[in-house]
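Here are my notes on how the chains of this model meet. Please keep the structure open as you go through the points.

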Amino acid sequence: MNDITAILLAALGGGILCVIAQLLLDLTSLTPARILVGYVVLGVFLYAVGIYDPLFEIFGEGVSLPLIGFGAVIGRGVREAIIESGAIGIVTGGLTASAAGITVALLFGLLASLITKGKPKRL
Amino acid sequence: MRVRRLSRPPRFVSWASVGGYEESRGPLGEKLDFVDKTDTFGQKTWELAEGEMGRCALNMALTKAGLSHDRLELLVAGDLQNQCVASSLGAGSFGIPFLGVYGACSTCTESLLILSVMLSEGCATLGAAATTSHNSAAERQFRTPVEYGAQRAPSAQWTATAGGAFILSSDYGIISCERKGSVELSEVAVGKIIDGATADGSNMGGAMAFAAADTILSYFEETGNDPAMFDHIVTGDLGRVGSDILRHILGEKLPKAVSRHTDCGLLLYDSEIQDVHSGASGCGTSASVLAAHFLPALERGDLSDILFLSTGALMSPSSVLQGRNISAVAPLIRLTHRDNEKTEREEPSNE
Amino acid sequence: MDIYSEKGKKRLIKRYTPKTKLFKTSILAFIFGGTICALGEALRILFVNLGLEDKLAVTLVSLSFVAIASVLTVIGLFDRIARHAGAGTLVPITGFSNSVTSEAMDSASEGYVLGVGSKIFTVAGPVLLYGTAAGVVYGIVYFIAKLIEGGAVR
């Protein structure tokens, strides 16, 4: 698979996941927070049943950047931790694997709160 | 009986309106007495900014009337924040006896109603009412952070960064000011809590329309007045959706009133250039539109008689999360233009 | 005098509430979400070509977008883009990052412990909680399945 195809497939996969979420937002009373939670849990599930990896092979960042990818990172972390250290992996794996994303997001948030309070919303 | 005719109808001595950046771009932008395009009003937090708006508005109303703040015997004020904190922050520096009121977006009419009844009954002779709302403070409290990226529904309304202050008196003899109020607050009606039949926080106009309809219909039923007597039946912030529903109901029950209806939420912004969706909301909407648009027209005599009701969507962040329907209330006041000279003959005590 | 029944009111509200332009919002979500993921894929290819291990490249792409979204939030651009993009910026990790940064910025006036410290998790918290919980459920199932398979787990 050449690079251009990979990029187009990523756009396709990510685009479709976003359209599904958009339709859920517009057609149901689901809030953005619920949709994010749903996508993360879905990511764990897709990894658990072995669908995520084949999808990642096709769409690459198209499934990894959406929060499904975050869920899959948690799922993979749990699995690998169990294989490596047994039952304790059930509780250590998820957060260990997702630590990088969480830490960077929180750190940037903290830094932002130190610099600015934000501008008022505009129409 | 819900409609009360005031025995000594107080009059508007002076008033002032304030607004933020979006309000200054709207059709009433030129008419607002004070505008801060940064929306901060020189304060560090949005909550304090809202308090400062109320303080500015009251200060300007006092200046216009040539009155010192210690002449005021009563201040009835409200805003959109938890525990009405903006009003108490803003009014604190004046040292005026204070009543904080909360009626969500109906606060403007609610505060004028309470003040006018107290003035009419002789509890005070000179008093003020003030109402504010601030978009950023309200977004923070009711919805999401200011910089949070979210899409607004087509039925969603835009909380106005606006406010108004009004000085009223029931006794013209004691006012040593140049201004001669010719707008009288003659009748009041307290609204009932009416279920809005929706829990959707982005459709408040729809939820409030039924409360407005209830108050308007019972007003005309009780008084037997003809809607044609009034130049306008003004609602506070029903917006596009709520106005359409109200006009539908009036069309069925009181067809003559339909053409009289107008809504402050549709007057504050220019929907051609401002992406407001269903219109303005927040208690500052009706306060600023009343002070910047309707009161000057009544004072000049361009309008002679209007019914003014603000509608309040009564909910809290918790009640929304708990899925409770939004209920609404719509208090009503009647504002009438009176000829000054005629009054002076009737009341010899006047100067 | 409640002039309409709950049903009648609901009917009126439904009749006069404008519908979201589904076609437009969906197309915009596709374009923005697709573009973000395409940029991510391009970045990943770049990282791999620079000699990074594949797994590390994927992590770095996510971190880059967390950082970009946070910076866009600070300079006040994110909410302006998201107004049009809708789910297009919400669903990629950019939405997660924006929620964290915007909550943190917004609550600084209430102090750094109970203001920033607690509000920063308003949207991030549920995501972490249910992501972690789902991971634990999967872990238990996986662990038991391994045991039944015959002690492949240490």
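1. Chain A and chain C bury about 5,700 Å² between them. Carbon and sulfur atoms carry 77% of that area. Bear in mind that this is a predicted model.

2. Which residues of chain A lose the most area to chain C? They are A:Leu36, A:Glu61 and A:Leu65. Together they make up 12% of what the chain A side buries.

3. Now count residues. Chain A brings 69 residues to this contact, and chain C brings 69.

4. Two salt bridges link chain A and chain C. One of them pairs C:Arg44 with A:Glu61. Their closest N and O atoms lie 4.0 Å apart. The cut-off for a salt bridge is 4 Å, so look at this pair with that limit in mind. A:Glu61 has already come up, as one of the residues of chain A that lose the most area to chain C.

5. Polar contacts come next. Seven residue pairs are in polar contact between chain A and chain C, with both residues at pLDDT 80 or more. Which elements of chain A give two or more residues to the side that touches chain C? The answer is α1 (3–27), α2 (32–48), α3 (52–59), α4 (61–64), α5 (67–85) and α6 (89–115). The most comes from α1(A), with 18 residues. By class, this side of chain A has 46 nonpolar, 13 polar and 10 charged residues.

6. Turn to chain C and chain B. Here 36 residues of chain C are in contact with 34 residues of chain B. The two chains bury about 2,900 Å² between them. Of this, 57% is on carbon and sulfur atoms.

7. How many salt bridges are there between chain C and chain B? The count is two. One joins C:Glu110 to B:Arg140, with 2.1 Å between the closest N and O atoms.

8. On the side of chain C that touches chain B, the elements giving two or more residues are α1 (6–16), α4 (78–85) and α6 (93–107) of chain C. By class, the residues of that side are 13 nonpolar, 12 polar and 11 charged.

9. Last, chain C on its own. Chain C is divided into domain 1 (20–119) and domain 2 (124–154). Taken over C-alpha atoms, the centres of these two domains of chain C are 28 Å apart.

Technical notes. Residues numbered from 1 in each chain as written. Chains lettered and ligands numbered in written order. Predicted model: local features only at pLDDT ≥ 70, side-chain atom pairs only at ≥ 80, totals over all residues. Heavy atoms only, no water. Domains from an automatic or database assignment. Contact = heavy atoms within 4.5 Å. Buried area = accessible area lost by both parts, 1.4 Å probe. Salt bridge = Lys/Arg side-chain N within 4 Å of Asp/Glu carboxyl O. Helix = DSSP H or I, 4+ residues; strand = E, 2+ residues; numbered from the N terminus. Nonpolar A, V, L, I, M, F, W, Y, C, P; charged D, E, K, R; others polar. Polar contact = N/O pair within 3.5 Å; in protein donor to acceptor, adjacent residues only side chain to side chain.
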